[in-house]
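Dear colleague,

I am passing the structure on to you below, and after it you will find my notes on what turned up in it. Please read them with the coordinates open beside you.

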Amino acid sequence: MSVFAKNLAPLPLCLLMAACASVGPPVPPSLELPKPPADLHAARKGDKVTLTWTIPARTTDRQRVRYLGATNICRGAVAILKECGTAIGGVAAPADFAHRPSRDAKMPSSYVDTLPSSLEQADPRGSVTYAVSVENTDRRAAGLSNQVHVALVPTLAPFADLTATVGASGIALSWKCPASAEGVRGVKYLFRIYRRLESESKDGKLTEVQATDCANSQPAPPAEDSYLDQNFEWEKTYVYHGAVVSVIGVPGKNAVEVEGDDTPAITAFAHDVFPPAVPSGLQAVFSGPGQSPFIDLIWTPDTDADLDGYTVYRREEGGAEVKLNPAPVKTPAYRDTQVEPGKTYFYSVSAVDARSNESARSQEASERVP
C-alpha cells in the first residue's frame, strides 16, 4: 500500500464521527431573576408589624443568585395582591452577599412596618396583606413572595401603674383602667400578664384577665383591677409586665388576637416576713392518778403550706412565760411531764414557718395539778 493510501484510509472514519455529532438547541442566557421567597412571615405587636423571610439563593432558572438587588415591601388592604404597586419600604441587599463562600446557606432578612392609624380605623375588623418582591441589580423581579395577612384591629395603650405588692397570701398585682373608652365595639379584651425570674431572660405567660369592661367606659370601667400570684417561691425576685390583647371571635376557636405594647416591667422580691396563722382551740388536760402526773395539750392544726411546727409556752400564776420545747413540735399536741402537785399552769402555743417567722401566741389554756 502506498504512503498516500495509508494516510487517506482513516479519513472516512473521521468524517463519519464528525457527521454523527449532534448540537442541542441554544441555551438562552439567564435572566438573573431571584426566585420569590416562599417563607414570608408576619408578626404584629401594637402597631408594629415585623416581616421576616429568607433571601433567595437561587434564580428562577436554578442558577445561583449573582446580582442581588433590593427587596421591596408591598402592602395593600385587599385579600390578594396582584402586584406590588408603590412599595411602602425596602431592604437593601447585604453588602457582603457577593463574597459569601456559600450563597446556598439560608440568609434571613426582616423589615418592621408601622400600621397607619387610618388603615386601622377604616376597617378595624378587617386585615391587610403583605408580600415582598426581590429584585436583581437591574431592578427586575420575578414576582411576589407568598402573601400574609395581618389583622387591623386597633390595639390599646398599656394599662397604667402596674404594681406588685408582696403579702402573706401571694404577690398582688394591680393596674389602673383607662379613664375613657378606647375599645372597639364587638372586640373582646384580655390583660395578658407575663412573669420571669430576675435571673432568667425568657418570659412566660402567667395569666390572662378579662379586661373588656376595663377597656370600655360603657358600662363605666372599674377604677383598677388586680390579680393574686400564688404560684411562686419565697426569697426569689420576679419580673412582671403585661399587655392588652384585642380578640376578634371566640378565644380558643380560631380567634384573631393582636397583642398591644407592653407595660413597663416591674420587680418584686418575694421576701417572707409573714408568720403563720395563730393556733386556735388549745386545750389542757391533767392525767396522773396511778402514774407520774402530766398535762396533755392539743390544738387545731395550722394549715399554712410552709409550716415548720409549733412552740409551746408555759407560765405559773404570777410568773413569766417559759419556752418548753427547744425545737418546733411537728404535730398539734404536746405532753408536759414537768409538773408538780398543787400548782396551776397556763399554756399558749405559737406557729413557726420554715423561715423561722413566728406567729402570735394562742389564747391561754390552764390546768391545775391536784
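Which cysteine forms a disulfide with C177, and how many Å apart are their sulfur atoms? The partner is C214, and the two sulfur atoms lie 1.7 Å apart, where a disulfide is taken to be a pair of cysteine sulfur atoms within 2.5 Å.

Before going further, please keep in mind that this is a predicted model, in which local features need pLDDT of at least 70 and side-chain atom pairs count only at pLDDT 80 or more, while totals for chains, interfaces and linings use all residues. Residues are numbered from 1 along each chain as its sequence is written, and side-chain values use heavy atoms, with hydrogens and water left out.

To return to the bond between C177 and C214, the torsion about its S-S bond is about -110 degrees, so this disulfide is left-handed. The pair links distant parts of the chain, 37 residues apart, with C177 in the loop between strand 9 (170-176) and strand 10 (188-197) and C214 in helix 4 (residues 212-215); helices (H or I, at least four residues) and strands (E, at least two) are DSSP runs, numbered from the N terminus. C177 is buried at a relative accessible area of 12%, and C214 is buried at 2%, where buried means under 20% relative accessible area, exposed over 50% and partly exposed in between (1.4 Å probe, protein chains only).

By the distance rule the count comes to two disulfides, and the other one joins C74 to C84, with an S to S distance of 2.1 Å. Its torsion about the S-S bond is about -100 degrees, so this disulfide is left-handed. C74 sits in strand 3 (residues 68-76), and C84, ten residues apart from it, lies in the loop between strand 3 and strand 4 (89-91). C74 counts as buried at 0% relative accessibility, and C84 counts as buried at 17%. With the bonded cysteines numbered in sequence order, the pairing reads 1-2, 3-4.

Five of its seven residues are buried, so strand 9 is largely enclosed by the rest of the structure. Strand 9 pairs with strand 8 (residues 160-167) in the antiparallel sense over six bridges, two strands being paired if DSSP finds at least two bridges between them, and a hairpin joins strand 8 to strand 9 through two residues. Six bridges also join strand 9 to strand 12 (residues 224-229), again antiparallel. L173 is the bridge partner of A164, and in strand 12 the bridge partner of L173 is Y227.

With best wishes
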